[in-house]
2 protein chains.
Amino acid sequence: MAEVVTTLAGAIASARSARREDGPVPRGMPEDVLAAAAESLGPPDVPADGIGADAALRRLATMLAEYGLDLAHPRAAAHLQPPPLTVAVAADTLASAGNASLDTYDSGPSAIAVERWVVRSLTRLAGLGERADGVLTPGGSMSNLLGLLLARDTAGLARGIDVRRSGVGALRRPVVFCSELAHFSVHRACAALGLGEQAVQPVAVDEHHRMRPEALAAALRGLGDDRTPVAIIATAGSTDFGSVDPLPELAEIAAEHAVWLHVDAAYGFGALFSERLSERLAGLELADSVTVDLHKLGWQPAATSALLVADANAFSALERTVSYLNPADDSEAGYDGLLGRSLQTTRRPDAIKVAASLLAHGRAGLGRMVDVCHELAVHAQRRIAAEPELELISPAELTTVVFRYGGGAHADPDHLDRINSDLRRRLLESGVALIGRTTVRGTRPDDAERVCVKFTLLNQTATAGDIDELIDRVLLAGRACARRTEEGAA
Amino acid sequence: MAEVVTTLAGAIASARSARREDGPVPRGMPEDVLAAAAESLGPPDVPADGIGADAALRRLATMLAEYGLDLAHPRAAAHLQPPPLTVAVAADTLASAGNASLDTYDSGPSAIAVERWVVRSLTRLAGLGERADGVLTPGGSMSNLLGLLLARDTAGLARGIDVRRSGVGALRRPVVFCSELAHFSVHRACAALGLGEQAVQPVAVDEHHRMRPEALAAALRGLGDDRTPVAIIATAGSTDFGSVDPLPELAEIAAEHAVWLHVDAAYGFGALFSERLSERLAGLELADSVTVDLHKLGWQPAATSALLVADANAFSALERTVSYLNPADDSEAGYDGLLGRSLQTTRRPDAIKVAASLLAHGRAGLGRMVDVCHELAVHAQRRIAAEPELELISPAELTTVVFRYGGGAHADPDHLDRINSDLRRRLLESGVALIGRTTVRGTRPDDAERVCVKFTLLNQTATAGDIDELIDRVLLAGRACARRTEEGAA
Ligand SMILES: Cc1ncc(COP(=O)(O)O)c(C=O)c1O
Ligand SMILES: Cc1ncc(COP(=O)(O)O)c(C=O)c1O
């Protein structure tokens, strides 16, 4: 372990000289950047002989500095991908060095204790009751998949069908409800779980991007007898807008129809750290399962996701006795691990960094970080609203703002689509700024989807001045792209 | 990053004083160890205020040292969980600190280059052709699941069924063939994917624990027209025995019946590093997909698994266009990432540590480590065979040995079962040794399953002397348990 520190220190020192010009992304076209990065690793073959740990690590550290992202840069504002906390990175090294696994007691006793501590702390923060439980997973997509798996198998059991044994075929035409804006991992999970993507029934949203409870209620009432409602998936913090579906109303509908309520709070969960914003998640405690991504609004390095459940019994769908891992007599003697809560066997103790971060910063410290990022988003929103060349599309609910470059004579929306996607790539290629994009449909029924740009603000060290500079860069890039489009049209 | 190193160095120094007595596991009953570990973290609640990064990290580092495993200890020999390489741990810290993600170009350009490099190096090592591809996953269980998902959706397409869209229901009574000794994650994957565990049709093994090709051929011939063969899963390195199914024969049968061949080489893949052992994996190049766990015979910290595929097109089942991640115009401009190869969205660049390790040690260096561990297993096997109180159950194919304490007058197999499970727990509770266990069925048809103990040897710094001492400890513990059982019987 002391060796690791020395090796690291050496690599970092030599990588420092490789630091490129100021900017969060490497300059250049993706193709060229990727080729240069690949080149620096040598031919893609396991070399016959090694070059030693120090040289290998220096090579990696240098290429990562040269061709990687700098998420701590004040103009990195693209994705739900935070610059991680120092304490979390250091704790993650302890996890790697120890190489404990969570499947059985004797693959990592202390790691199991840490995960239990973290899960309990999170279920309490979520307001779930004493029967709650949870497990860490490799990401929000996997947490959504796992929540949906539990919902699927529970829906089967309620109908006398053992889905785990007999497969999904016996479930009559399964349906999963979610808002039109649910994360695409819900669709992917339906495909993976054998329900098929056609099981997804999207429910309309209101003008604040929130699922309409009355539309959900109508859909459930209108469901044929030949359908099996498997789950309602609410989103608490939509990827683009940070909007939170009306959880109390949805929970009431779910209870009425005895359907599993899964809340995808991958993004929104972190708002619970903030006194100011936590109220937006009211009703979270009514969920059957909750997806939490602390590698988003929680400043952990990936992977740090959790699936929380209101009732530990929900995990019975995953229980398993394996002669080489958890035979009955060992389980009775307390040698059991967490195998029965996960689809994984070997499982890295990602909880170590979470525990370290929660202890180091406390709810107050993390809440302040959430508030800072929210304020940055509010600042961006105001500035965008005041800027005649920009159109504010969606205000700062959590830490994102969606807007559109649309100044001057470019009223043609197709032109503007092109300009907005061009301007983002232009910023990326010049290396000066990293912003996001998405498409947004207008509020009228026949409105088309339009390309917008987006800031996702998770850098708590950035300032209002940095945001202003970021917006200035967007304006410059927008004008340049508009000119090019005009010239093209002329 | 420099901060991380300083913080770490402090934590390690203070943890050193907490080091417990010599032994790979904390002494005590699991319940007590877990309670003490939990206690040291404080009440399971997000604290209102933080204690700062240094104090938090010291607390974690100390409790991990006190109540965790020491996999570098010469008497740690339980699971496929290696003491990780220094260079891999250090490189993993670079991954955490950078927090790149592999889903899109702009979430981590250099990380994408590294994963492509690693995947290409591994497919070449496996002898897969130039059309091969692959992706890193969070573990062998997930790699098996992903391989089976591709097989499932490919089997559907061959029959004109879009499983991804319509679900598994349209596949007529799916069947997955694997040996009786296949890892249980295959069964779990069938359950998760909606095929149901009843889809698994176990095929008999020979006396060397290898799938019988003629039994597989007969099963396929005997399959009713109303069944859909989805995949044949061969194991290259069974968990307990290290046995490798006869890949060339199985590949021939798979080709004849046009069924997907997945090879679970989670454990065995590492043998390819060794000149001496690589031949055992002959035929691997004939697979449609391969599971590789470098967190087993590859000395990486978890998670470091990969799914390799013979044909990159196999991933089309996972392709996806998402407006905020990979819209068509961005993809055309080269901004695409690896979203379409994984069920994950955010994905940690676990390839960084692999690249660093392959470069640092080369095939020769890793091959030597494999050979050393194999030799340790052969040494253990010889000593066990020569020891009248021990019965050798299975020789050292790769780096495991399975045996049974069975000396003296204790011919009653049920008594011996108890003694063998007791002796393992006794070693664990005293903290002096960490060994594995499993159950093995005899070779006669009506033989019962018997409890055995197992060494899994992945510590390349251990010596033959260490193995001898480990066996001495087993003998002592066995005798003590035998005495207790006798006294109980008397
Ligand atoms: C609302 C929401 N859910 C789920 C996910 C998936 O999380 P992950 O990227 O950790 O798989 C995301 C990712 O952005 C998200 O925004
Ligand atoms: C043969 C085999 N396949 C798959 C797995 C699962 O791998 P993981 O623990 O990485 O999920 C194991 C684990 O021991 C294994 O031995």
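Where is the place of His209(A) in chain A? His209(A) sits in the loop between β4 (200-203) and α9 (213-221) of chain A. The strand and helix names follow DSSP runs, numbered from the N terminus: helices are H or I runs of at least four residues, and strands are E runs of at least two. His209(A) is not a glycine, yet its phi is positive, at about 70 degrees. Most residues other than glycine have a negative phi.

This is a predicted model, in which local features need pLDDT of at least 70 and side-chain atom pairs count only at pLDDT 80 or more, while totals for chains, interfaces and linings use all residues. Residues are numbered from 1 along each chain as its sequence is written, chains are lettered from A and ligands numbered from 1 in the order in which they are written, and side-chain values use heavy atoms, with hydrogens and water left out. The predictor's confidence in each residue is pLDDT, from 0 to 100. Chain A has a mean pLDDT of 94, and 98% of its residues reach 70 or more. The model scores are ipTM 0.97 and pTM 0.97.

Now look at the two chains together. Contact means heavy atoms within 4.5 Å.

Next, find a pair of helices. Helix α4 (residues 86-98) of chain A packs against helix α1 (residues 2-16) of chain B at an angle of about 55 degrees, and their axes are 9 Å apart. Because of that angle, α4(A) is oblique to α1(B). Angles under 35 degrees count as roughly parallel, over 145 as roughly antiparallel, 65 to 115 as roughly perpendicular, and the rest as oblique. From α4(A), the contact takes in Thr86(A), Val89(A), Ala90(A), Thr93(A) and Leu94(A); from α1(B), Glu3(B), Val4(B), Thr7(B) and Leu8(B). By class, 5 of these residues are nonpolar, 3 polar and 1 charged.

Finally, check the backbone. Most peptide bonds are trans. The bond from Ala302(A) to Ala303(A) is cis, with omega near 0 degrees. Ala303(A) lies in the loop between β7 (289-293) and β8 (305-309) of chain A. In chain B, the bond from Ala302(B) to Ala303(B) is cis, with omega near 0 degrees.

Definitions and conventions. Axes fitted to C-alpha atoms, helices over the stretch in contact; angles between N-to-C directions. Nonpolar A, V, L, I, M, F, W, Y, C, P; charged D, E, K, R; others polar.
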